[in-house]
Amino acid sequence: MDYDMIVSEYKPKVKVTYKMIMDYIQEKYNISVKSTTIAEVKRSLGLEVGDYNKKDGEINYRKQKITPERQNAVEEALRHFEIIE
């Protein structure tokens with residue numbers, strides 16, 4: 001096996017941040033979304049989301065109503081960044 005070729009072709013995935021997703025949506029759709037919107041969409045898709053609002057061991061987040069426009073924009077951005085298929 002030619003390990004040099006494998007190593008030279010290896011390209012690690014870039015860690016996609018919420019800021020990158022928000023900027024992509026703003027540029028492509030000209031709408032702004034909050035990180036909580038992205039997190040809620042990820043939860044609805046069964047993806048892992050960090051628990052940044054923990055208080056006394058409880059996960060505390062407000063579930064919000066997301067418009068279909070924002071839902072679709074976030075899902076498309078997640079596809080663009082290859083987080084979902």
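Q: Which residues lie nearest the centre of the second largest pocket, and how many residues line it?
A: In this predicted model, twelve residues line the second largest pocket, and K15, V16, Y18, K42 and E48 lie nearest its centre. The space in this pocket is about 280 Å³.

Q: What makes up the lining of the second largest pocket by class?
A: Seven nonpolar, two polar and three charged residues form the lining. Val and Tyr count as nonpolar, whereas Lys and Glu count as charged.

Q: Why are T37, I38, A39, E40, V41 and K42 of helix α3 called buried?
A: Buried means under 20% relative accessible area. T37, I38, A39, E40, V41 and K42, in helix α3 (residues 35-44), are therefore called buried because they fall in that class.

Q: What do the buried residues of α3 pack against?
A: They pack against α2 (18-29) and α4 (68-80). Contact here requires heavy atoms within 4.5 Å.

Q: Which residues of α4 are buried, and what do they pack against?
A: The buried residues are A73, V74, E75, E76, A77 and L78. These buried residues of α4 pack against α2 and α3.

Q: Which residues with positive phi follow α3 and α4?
A: G46 follows α3, with a positive phi near 80 degrees. E82 follows α4, with a positive phi near 60 degrees.

Technical notes:
Residues are numbered from 1 along each chain as its sequence is written. This is a predicted model: local features need pLDDT of at least 70, side-chain atom pairs count only at pLDDT 80 or more; totals for chains, interfaces and linings use all residues. Side-chain values use heavy atoms; hydrogens and water are left out. Buried means under 20% relative accessible area, exposed over 50%, partly exposed in between (1.4 Å probe, protein chains only). Helices (H or I, at least four residues) and strands (E, at least two) are DSSP runs, numbered from the N terminus. On a 1 Å grid over the protein atoms alone, a cavity is a set of points where a 1.4 Å probe fits but cannot get out, and a pocket is an open set with protein on both sides within 12 Å along at least five of seven lines; lining residues have an atom within 4 Å of a point. Grid points are joined across faces, edges and corners, and a volume is the space filled by probe spheres set on the points.
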